[in-house]
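Me: I would like to learn how to read the place where two chains meet. Could you take me through it step by step?

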There are 2 protein chains.
Amino acid sequence: MTIKISIDCMGGDHGPSVTVPAAIAFANREPECELVLVGLEEQIRAELKKYKAQSHSRLSVVHAEEVITMDDSVETALRRKKKSSMRIALELIKEEKVRACVSAGNTGALMAVSRYLLKTIPGVDRPAICTILPNQKDGPTYMLDLGANVDCEPQHLHQFALMGSALVSAMEGKSKPTVGLLNVGEEDIKGNEMVKQTAALLRADHEKGLINFYGNVEGNDIFEGTTDIVVCDGFVGNVTLKASEGLGRLVKSVLTTEFKSSILNMLGALIARSAIKAISRRLNPSRYNGASLLGLRGLVFKSHGSADAYGYEWAIQRAFDAAKYDVLSRITTTIAALMPPPEPIPTRLEGTASPTGPGLNIDSSQIASPQQKTA
Amino acid sequence: MTIKISIDCMGGDHGPSVTVPAAIAFANREPECELVLVGLEEQIRAELKKYKAQSHSRLSVVHAEEVITMDDSVETALRRKKKSSMRIALELIKEEKVRACVSAGNTGALMAVSRYLLKTIPGVDRPAICTILPNQKDGPTYMLDLGANVDCEPQHLHQFALMGSALVSAMEGKSKPTVGLLNVGEEDIKGNEMVKQTAALLRADHEKGLINFYGNVEGNDIFEGTTDIVVCDGFVGNVTLKASEGLGRLVKSVLTTEFKSSILNMLGALIARSAIKAISRRLNPSRYNGASLLGLRGLVFKSHGSADAYGYEWAIQRAFDAAKYDVLSRITTTIAALMPPPEPIPTRLEGTASPTGPGLNIDSSQIASPQQKTA
């Protein structure tokens, strides 16, 4: 079964000089993929030629005359650049021509255009960004939201937890992945009001057997692998992720400087090169590149803007796996099955529930459609 | 000039077995200090004996019969354990018998008891916790708040920025240290409402020449050393700090595992041992131990609960330096000079300012007193 993925070749700091070789490498390695390269045709063809891949049977090119830059506002991306590579790559999902899309472009624009074109899954108020981080158990910790939502309400975090749970269940083959709520302490009394109310919602789900809620986790638990999933609002998630990237770069710079500081240290590093290589591999942020935009009726993956071809290839890999393991229909089904009866949460807490409140009204005919679309 | 510091010997995961040897080591290295060891006398004397320091001329013991545990609530610490080592160590500041206090005890209790006994500096609504982190420029980045305030208003972050600025100015001898506001992007339009309003307050101070406000910074800037000070609310700060600690432990564990994974790697590590030692020194979290509780009318330093004697000694060093460089009077003066005329911020924004509003009412006789107290 071939899985088709569109690549926004113009996104990111390096554009086609990174995205095209990454696509070629992935296509050469994965016989079940077909990649649609979207962007300025001339530039893409020049890159393909450089790597002698002009006539690769599983690489095609779709021209897009506009490019969304890192500085473009969401407004510009949505209203002024209707022929951008990002938008055309996403439209291919909507037109059911591809099953997923990868872009290294402006995150705000990618989220806004994706949301506008694809809409959200029934039961999801706001999409979230989810990525993986390495942990001490040598496995991935999935963390969301990472910046799509800087102001959240408890019901949003609740939905993030459910979506994350479905994602990990599909990608890692775990039937009941553990969910931790990021907080300033483990005890129930810790944290701000938003976190406390979210914990109450998640505990209720846990009691119903709908989710495997571990409880509060702290910052260090992300890298200890205490839970499979760590849920937080987009402000906290974004700052934490970027701080970790910054610390990672500091560590790399200290290691490089010190191992190059004398002939003896260089010799030692040469002798222990298999250790150095393993360290570099295990801590290489490129291996963790490729964040999912969860909650949309389509699979959209965001690569880091500064990713190199190796990192970008990982983002394509994640998109491919997500399509292969049918993440979209799993999330749709999970959200539908796990969400409380269709009524807004505050109403329910006040005891004035309406059986068909707005927002969470789930129409089963709609639930099936994303799955069919991407099948 | 001798600087006296009280040590809450019972605080932390290890109590006197860590705090007493750390105090002895510091006293042996710093002839201008005098340390008052507070806690269960028998245990402290046993430790002193172990290190043959029973009759050290600059170490004295003050008995305290109660111990605040990590699980004790703030309530218990404040109302039930009035003879705790933590409280007695802090009372010594109030009684002007010492100039600073160090504790590795329960952070919530330490903040509550300090605040109750010492009160806040005029113009400061809420104290904040400030620590240093390593950066790529091989200098410290000061970050606050780290967990004292999980729900903040813009005026609180504003005060944190002013206090941080005064602290760095004193500790690092920089006349105009740069202040960054932690956000999800550099642009002014990024972030939540709280951050945007804080930025407006800090920009106004910058225009008046009262503070060197750099603008928004992102998580990675903490470790890049983009600014001397990074300001955030206690929720974000706590999570970021703990995530960094977690990542640090992950890196350490990967390095250790890989360099021990074969004879060749062990040999390489042995040959490059000066590099390994330098790496371990530069990234050792113990070197950054010792957070200040800023905004109180007294110098209180918090050691990490799990600190070893080496780390605890660093916390004592920071308390000593803060007293030596007269951080308290500098913060008091800075806050007094930099704070807007005495009126609460919301009132001013609504144009109904009262010249002597509550909260920020500064009485110049009060401003002088903390300095005199600790002189």
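Me: How much area do chain A and chain B bury between them?

Reply: The size of an interface is often given as the accessible area lost when the parts come together. Buried area here is the accessible area, taken with a 1.4 Å probe, that two parts lose on being put together, summed over both. In this predicted model, chain A and chain B bury about 4600 Å² between them, and 71% of that is on carbon and sulfur atoms.

Me: What should I know about the numbering and the values?

Reply: Residues are numbered from 1 along each chain as its sequence is written, and chains are lettered from A in the order in which they are written. Because the model is predicted, local features need pLDDT of at least 70 and side-chain atom pairs count only at pLDDT 80 or more, while totals for chains, interfaces and linings use all residues; side-chain values use heavy atoms, with hydrogens and water left out.

Me: How many residues are in contact across the two chains?

Reply: Contact means heavy atoms within 4.5 Å. By that rule, 54 residues of chain A are in contact with 54 residues of chain B.

Me: How many salt bridges does the rule find across this interface?

Reply: A salt bridge is a side-chain nitrogen of Lys or Arg within 4 Å of a carboxyl oxygen of Asp or Glu. The rule finds 6 across the interface of chain A and chain B. One of them joins B:Arg282 to A:Glu258, with the closest N and O atoms 3.0 Å apart.

Me: Where is B:Arg282, and is B:Arg282 buried or exposed?

Reply: B:Arg282 lies in helix H11 of chain B, residues 273–283; helices are DSSP runs (H or I, at least four residues), numbered from the N terminus. Buried means under 20% relative accessible area and exposed over 50%, with partly exposed in between (1.4 Å probe, protein chains only). At 12% relative accessibility, B:Arg282 counts as buried. Leaving out residues up to four places away in sequence, the residues that B:Arg282 touches include A:Val254, A:Thr257 and B:Asp138.

Note on methods: Helix = DSSP H or I, 4+ residues; strand = E, 2+ residues; numbered from the N terminus.
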